[in-house]
Amino acid sequence: MTGSYLVSSSPFPRRIAARLLCGVAVATLCAGGALAQTEEHETDTEVEELVVVAGRGNLPGSVIGDITPELSISPREIRAYGAASVTELLDALSPQLTSGQGSGGRPVVLINGGRITGFAEIRDLPTEAIVRVDILPEEVSLKYGYPADQKVVNFVLRQRFKATLAEASGSTPTQDGGGQSVMGHGSVLNILRGQRLMLDARVTDTKPIYEGDRDIVGGEGDLRTLSSDTTALSLNGVYARPLGEGVSGTINAGLDFTDSQGKLGLSPFSDDALLRRSETTSGRLAAAAAGAYAGWQWSYTGGLTQDVAKSSTDRDFSGLPYTDRTKSTTTTAQSDIVLNRALWELPAGRVSTTLTARASATQFESEADRLGVTASNTLDRNIGQLQANFDVPLIAAGEGLGEHLGKLSANVNLGYQNLSDFGDLQTIGGGLNWTPIKPLRVLASFTRADQAPTMNQLGDPLTSTPGVRVFDFQTGQTVEVTRVSGGLSTLDASQRDTFKLGVSYKPWDKVNLNFQANFVSTRTDDAIAAFPSASTQIEDAFPDRFVRNAAGDLTLIDARPVNFAKQSRDELRYGFTYSRPVGPQPTPEQMAAMRQRFQAERQAQQGQGQQGQGQQAQGRQGQGQQAQGQQGQGQQRQGEGPPDGPPSGDGPPPGAGMGGGDGPRMGGGFGGPGGGGNRIGGFGPGGPRNGVFQVGLYHTVAFKDEVEIRPGVPTLDLLDGGALGSGGGSPRHQVDLQANYTRGGMGVAANAKWQSATKVTGLTAAEDLEFSDLTTVNLRLFADLGMQPIAREQKWLRGMRATLSVDNLFDERQDVTTPQGTTPISYQPDLLDPVGRTVKFTVRKLFF
């Protein structure tokens with residue numbers, strides 16, 4: 001099937017800056033009137049909690065080592081994002097979490113400075129239970145037994161929190177027809193002196209989008225889906241507690257289920273559509289423990305997961321009906337232990353080490369019945385891994401050379417892996433951490449790591465899928481081909497070299513303004529990659545992977561993975577974050593009175609909670625204690641005032657005062673999300689009516705992004721005409737903008753992303769493809785109803801939040817055109833993004 005259609009081009013040029021700022025401006029105007037109406041009201045329904053950290057030398061729950069956070073976020077600042085859970089908060093923080101050192105996966109996540117059983121342990125946690133979020137550079141992950149290829153996010157939880165959550169939402173695309181989604185969510189969370197219990201359940205139902213619902217040329221109406229009819233169910237449970245003698249433990253169990261059905265076009269045997277049905281079930285059981293023994297801080301994690309995927313696909317083969325059926329089961333067991341200790345004393349400080357031992361076993365079983373032929377396959381992989389990391393202080397600040405050069409420390413890390421189905425892999429790396437003056441930090445690191453193909457890339461059985469639409473750059477037409485996929489046993493290991501030079505600068509102590517810049521250069525020999533899209537350069541490099549008939553039409557593509565000779569990328573990412581409180585702040589006299597009250601209540605609590613808190617500190621937070629000994633004096637959360645200054649805004653979430661009473665909550669009687677400190681209410685300036693304004697702006701520029709496919713073949717420049725996927729080349733520029741504002745229980749959060757245009761070079765200039773630049777703006781408006789004056793009479797509003805969010809505010813889609821101004825059928829905007837702009841309304845209530 002071939003063809004293209006004419007797309008009417010827009011007469012006006014894109015205004016990049018205007019679109020990035022427009023979303024923020026609109027959001028501020030929408031919220032401005034409502035915010036102004038609440039400024040003059042005092043509140044007696046919800047109060048602001050102040051956590052006063054005595055001495056301010058180190059903060060509870062800090063991470064291991066002497067690398068300070070790039071960014072620390074207080075509860076007031078967390079509220080400004082309008083995020084309901086850790087998952088939503090990480091999505092909102094994506095501009096700050098983007099890393100050029102890895103493959104774009106999720107950051108390393110910690111709780112209270114310690115390792116966790118897995119992301120499922122914290123993904124559903126409500127943001128109201130978080131007292132601080134620290135974002136740290138990739139090098140910190142080495143101190144927890146992970147590779148240095150992703151940012152580290154440390155969530156510090158409140159010492160006391162108890163709430164039941166109920167949430168419901170509905171969303172719909174603004175285009176008529178399909179895509180509506182409803183969600184119901186409930187959870188219970190109880191945190192008290194090191195114990196944590198969370199039970200969570202969520203169900204989501206999403207309606208399908210058909211080609212008839214969108215403007216699709218050559219579509220099949222309601223007989224083919226662009227987005228499947230999907231139902232998802234998720235159950236999750238976490239229990240953590242001190243076990244005695246300084247040991248703490250955590251157990252996490254969960255079950256995720258997804259069922260979907262899509263239509264594949266008109267069946268030749270009836271008036272109905274061919275169907276594809278799929279079902280996935282994922283179960284997990286994980287445990288973690290931490291403690292101290294003979295001077296070593298240790299942490300253990302282990303887990304067992306099983307993923308089962310089933311599918312059935314209706315097909316027509318030579319005029320006969322068939323239903324292909326597949327089933328795959330992936331079972332993984334993993335166990336690791338991490339040891340931390342300060343080894344010996346040097347003139348500049350203590351040498352510390354992190355030792356990691358990890359073992360895992362994975363089995364993949366698959367069964368397939370295609371065209372009446374049954375085939376099965378089993379793959380196994382066992383991995384043993386050892387890793388060692390050493391931090392060596394070289395120069396102490398203010399002593400000897402330190403008076404002129406500042407503080408300097410070095411890092412060396414080594415790693416070894418043995419894969420049962422592949423062989424041995426090694427990793428070696430090192431780095432320097434230099435603080436010439438207090439506001440400035442420079443990090444430099446180098447890592448050389450061997451990487452193996454996945455066992456599926458090596459051993460998956462061959463499968464053929466007919467009727468796959470691709471764009472043929474040699475003919476300039478969209479065609480249907482048979483796509484061959486599977487594993488390739490002859491793949492080689494790749495070797496990746498990564499160099500990073502990072503700078504962070506905080507020019508003023510009393511202004512929460514932070515600048516960051518990171519230059520990352522990567523070189524990968526024998527890079528392992530999924531087979532690229534069918535460009536002319538790829539076909540020239542792998543002519544045996546493409547089959548054409550006598551007329552020159554493309555009929556088959558062998559899309560098994562490949563090794564590229566070399567892949568190189570150089571990029572610079574730089575930007576800033578700025579935050580400031582909004583509204584009047586407490587006077588020094590008010591601060592002194594609040595501090596005196598806090599200290600008196602803290603002394604009363606110590607006698608009752610000393611034993612439980614001691615077990616927690618020695619157990620799960622043992623790694624955080626080591627960090628306090630290593631970091632020395634002077635580290636404090638960015639944006640935090642001095643002991644005698646105004647508060648930092650570390651308050652509870654909306655609804656904090658619902659437990660009743662102003663005193664501390666002990667034992668089973670804690671009724672609200674009180675933290676480690678007391679709750680101060682009714683003090684006027686500095687109360688919950690105050691808010692915060694935040695803005696972050698980051699620019700990524702790529703200087704080089706090249707692939708040497710094979711020796712003797714022209715290098716593929718992804719910044720200038722080359723492409724590995726169907727989405728075009730690599731954008732040279734990307735800009736991320738984030739802005740949040742909250743006050744009086746109402747707020748607005750907006751983020752925008754712009755990426756520059758790319759192109760893919762065809763066999764001739766007439767067969768090139770132009771991919772336009774793309775700007776997306778997401779907007780979130782939220783109101784904590786319990787903080788509004790109406791809640792004085794309507795008590796049921798306490799703890800309730802209403803959120804209106806709009807994704808892709810301007811309904812932007814990428815335009816893909818030929819030099820003649822036409823769009824290939826496979827690149828129609830509604831095919832690339834059938835959802836477009838989506839409006840979502842959420843109501844959420846915490847019962848304390």
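At 27% relative accessibility, Phe 848 counts as partly exposed. Select this residue to begin; the model in the viewer is a predicted one.

Is Phe 161 buried or exposed? Phe 161 is buried, its relative accessible area being 0%. The structure holds 5 aromatic pairs, and Phe 161 and Phe 848 form an edge-to-face pair, with 6.3 Å from centre to centre and 80° between the planes. Phe 161 belongs to strand S7 (residues 160-173), whereas Phe 848 lies in the segment after strand S40 (838-847), so this pair ties together parts that are 687 residues apart in sequence.

Proceed to Phe 531 and Phe 546. These two residues form a tilted aromatic pair, 5.8 Å centre to centre, with 50° between the planes. Phe 531 is found in the loop between strand S25 (512-529) and helix H7 (536-541), and Phe 546 in strand S26, so the parts tied together here are 15 residues apart in sequence. Phe 531 counts as buried at 7% relative accessibility, and Phe 546 is likewise buried, at 8%. Which residues make up the aromatic cluster here? Select Phe 542 as well: Phe 531, Phe 542 and Phe 546 form one aromatic cluster.

From Phe 546, extend the view to the sheet that contains strand S26. In what order do its strands stand? The order is S22-S23-S27-S26, an open sheet of 4 strands with mixed pairing. Select strand S22 (463-472) and strand S26 (546-548), which stand at the edges; each has a single partner strand, so one side of each is left without a neighbour in the sheet. On average, neighbouring strands of this sheet are turned by 25° against each other, direction ignored.

Now display strand S23 (residues 477-485) together with strand S27 (residues 554-558). In which sense do strands S23 and S27 pair? The two strands pair in the parallel sense, over 3 bridges.

The last stops concern charged side chains and rings. Select Arg 106 and Phe 119: the charged end of Arg 106 sits over the ring of Phe 119, 3.9 Å from its centre. Then select Lys 845 and Phe 847, where the charged end of Lys 845 sits over the ring of Phe 847, at 4.9 Å from the ring centre.

How values were computed. Residues numbered from 1 in each chain as written. Predicted model: local features only at pLDDT ≥ 70, side-chain atom pairs only at ≥ 80, totals over all residues. Heavy atoms only, no water. Pairing = 2+ DSSP bridges. Axes fitted to C-alpha atoms, helices over the stretch in contact; angles between N-to-C directions. Phe/Tyr/Trp six-rings, centres within 6.5 Å; stacked < 30°, edge-to-face > 60°. Buried < 20%, exposed > 50% of the residue type's maximum accessible area, 1.4 Å probe, protein only. Lys NZ or Arg CZ within 6 Å of the ring centre and 35° of its normal.
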